[in-house]
Amino acid sequence: MTESSTKRVLLITGLSGAGKSTALKTMEDIGWETVDNFPFHLVENLLNTPPSSSRNDNNLPLALGFDSRTRGFEPNKLIDSIKRLQEKPGYLISTLFLDCAGGELERRYGETRRRHPLALDRPAKEGIALERTLLAPFRRWADHIIDTSDLTANDLQREIRQHFSLDKDAATTITITSFGFSRGLPNNIDLLFDVRFLANPFWDQELKQKTGLDPEVAEYVSKDPSYPEAIEKILDMLKFLLPRYQEAGKAYVNIGIGCTGGRHRSVHVAERLSKDLRAAGFSPNVLHRNLASPPLEALESMQKSNGNRGI
């Protein structure tokens, strides 16, 4: 049995409120197939069922979530069933247990105003204590234990990615979009930089019909006294933030560079930043939303009175 033909299965359990839903969602984000609260006596049937036709990987790893609410939940019997399954060829099965301090769980249930599943008519504290006793065999037997008492949801996501990512080198997808404010903001922008303080080539008759991709426009914009320091500061911020977005597991980061019409300053600055980011080891995509839009004096004229800069 080769490693490539082995079915990888992660069983996720733990105390209610400790983060199972967050863990399963993160597993799905990093490429695992996930199923929650599936009756365990049917798990082998599930493992023998091929994935949906929309998935192109027949050996996709599977994360199964279960807890005290799962139908047929009896810890000792479940552990015996898992052990028998582990003895079968073709499966690599491990268990993750999510723990949390009782006081923190009480706080979480108090904030969400949800009832603990084992304390519907009693204080949450009693349900938490009962569930902890019920799940003790799983905690002793688990391959991985994560205590979420002091973790935020983002912290837990980071822990899951570090332990179970299928592609340890997966990089955040970075997209730099140039655009014109006068034509509306792009959707889904995470970081927005307004470069309308730079000298506007639109008012140079020889440059009006050109774009930020033309060297004459690039030279005009870069001669603005504010340009070198602005580029340096924006680049420093991006080089600081982008690795931290990746560590947090953010799959996409969209950077918007805006000027008035979206054809001159923003285009050049987007190109310049993408070049500098590539030199720093990143791989940004570049989109110019309004590059093909016709130059319209009406869009620029409202701002001409601000020193020809288009602020």
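Two strands pair if DSSP finds at least two bridges between them; strands (E, at least two residues) and helices (H or I, at least four) are DSSP runs, numbered from the N terminus. This is a predicted model, in which local features need pLDDT of at least 70, side-chain atom pairs count only at pLDDT 80 or more, and totals for chains, interfaces and linings use all residues. Residues are numbered from 1 along each chain as its sequence is written, and side-chain values use heavy atoms, with hydrogens and water left out.

**Exercise 1.** Determine the order of the strands in the open sheet.

*Solution.* Step 1: the five strands follow the order β2-β3-β1-β4-β5, with parallel pairing. Step 2: β2 (33-36) and β5 (144-147) are the edge strands, as each pairs on one side only.

**Exercise 2.** Examine how strand β1 is joined to strand β3.

*Solution.* Step 1: β1 (residues 7-14) and β3 (residues 62-65) run parallel and are joined by four bridges. Step 2: leucine 10 has alanine 63 in β3 as its bridge partner.

**Exercise 3.** Are phenylalanine 66 and phenylalanine 138 buried or exposed?

*Solution.* Step 1: buried means under 20% relative accessible area, exposed over 50%, and partly exposed in between (1.4 Å probe, protein chains only). Step 2: phenylalanine 66 has 3% relative accessibility, so this residue counts as buried. Step 3: phenylalanine 138 has 0%, so this residue also counts as buried.

**Exercise 4.** How many disulfides does the structure hold?

*Solution.* Step 1: a disulfide is a pair of cysteine sulfur atoms within 2.5 Å. Step 2: the structure holds zero disulfides.
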